[in-house]
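Could you walk me through this structure in the viewer, one selection at a time? I would like to know what to click next and what I will find there.

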Amino acid sequence: MSAILDRLEEWRDYQPGEWVARCPAHDDGKPSLWINLKTSGMVGLACRAGCRFEDIVAGMDLTPRHLFNVDAEGLVAVAEARPEPVSPFLTASLRVWLDSLPAGAADAGDAVAYTQKRFGLTAVEQDRLGLRWWPGPQPCPEWVPTSFVRYPRLVVPMADFVGVARGAQGRDLSGRCPGRWISLGNPEGFEWQRFGVFPGPDPGAPWVVAEGLSDPLAIVADGYNAVGVRGAALLNNDPATLDALASALVGRDVRVCGDNDRAGREFTRTIVAALHQREVQARQLTLPAGFKDYAVWRETR
């Protein structure tokens, strides 16, 4: 597996058994290629910009046969079947862990200051969204990966539409971690939610669906409601997530705002089309030229 990963630029851990890297099939500004290793030894590849599988493999100077019977070399592999959503026990365990982490200016000053400067969220808004701080190496649940544990992080719960946290990501605050955002590892047989809901101060304001978690935080700071989607490369094969988004967003004023690059435009196209198919009248929110994403656009305004 290491020989396959070494053919890719800027590859890094995403979660156990999964990696992201720059796609070799297009001029990739930031990692858009998702890679996973199945327990059968098969390697999966998907580009969130929509590149063809054949072009990705050719760009790695491989053929499809190189992606079968791959030696895991001790790495974690993911199950063939789609795992179940996290159980009530895991959801409760996540809540207990989140509640144990520092929050607020008195106990998590670095994270609060960073979030206010980077995304424009006041301390009050951060508290309302349940943001936490991971100070660095210490005992933690087994589903918190080593790559997450090693560095101090802003911890962002990923709640569903009724406010129950069913996942989380951590944003590196040290500047030393190769992966700025790290997800929780999926417990065996289960999967954390692939999206997070971030209500703004006005429930009647528009809802904006965006990539990752940086943009949603900046969107909330601007007074809107936001949904952040992780694993964007998987959306075409993830009707369950698309169904969940559509059922909650139907009848609302919905915009979709991907990053300002090829992959982001493909993300926007995919989400808008999928919501339209599910009778949600979403519209595209286009960023001004020269700004790579909503968070950067907001920070420079």
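Here is a short tour, from the whole chain down to its aromatic rings.

**Before you start.** This is a predicted model, in which local features need pLDDT of at least 70 and side-chain atom pairs count only at pLDDT 80 or more, while totals for chains, interfaces and linings use all residues. Residues are numbered from 1 along each chain as its sequence is written, and side-chain values use heavy atoms, with hydrogens and water left out.

**Stop 1: the whole chain.** Along its principal axes, the C-alpha trace spans about 55 × 45 × 35 Å. Of the 301 residues, 52% are buried; buried means under 20% relative accessible area, exposed over 50%, and partly exposed in between, with a 1.4 Å probe and protein chains only.

**Stop 2: two tryptophans.** Select Trp97 and Trp134, a tilted aromatic pair with 6.0 Å centre to centre and 45° between the planes. Rings of Phe, Tyr and Trp (its six-membered ring) pair if their centres lie within 6.5 Å; planes under 30 degrees apart count as stacked, over 60 as edge-to-face and the rest as tilted. Trp97 belongs to helix H3 (residues 88-100) and Trp134 to strand S6 (residues 132-134), so this pair ties together parts 37 residues apart in sequence. Both Trp97 and Trp134 are buried.

**Stop 3: two phenylalanines.** Now pick Phe161 and Phe195, another tilted aromatic pair, at 5.9 Å centre to centre with 40° between the planes. Phe161 is in the loop between strand S7 (153-159) and strand S8 (165-172), and Phe195 is in strand S11 (residues 195-198), so the pair ties together parts that are 34 residues apart in sequence.

Stop 4: Then select Arg153: its charged end sits over the ring of Phe148, 5.4 Å from the ring centre. A charge sits over a ring if NZ of Lys or CZ of Arg is within 6 Å of the ring centre and within 35 degrees of the ring normal.

**Last stop.** To keep exploring, look for the other aromatic pairs; a search of the whole structure finds 9.

Methods
Helix = DSSP H or I, 4+ residues; strand = E, 2+ residues; numbered from the N terminus.
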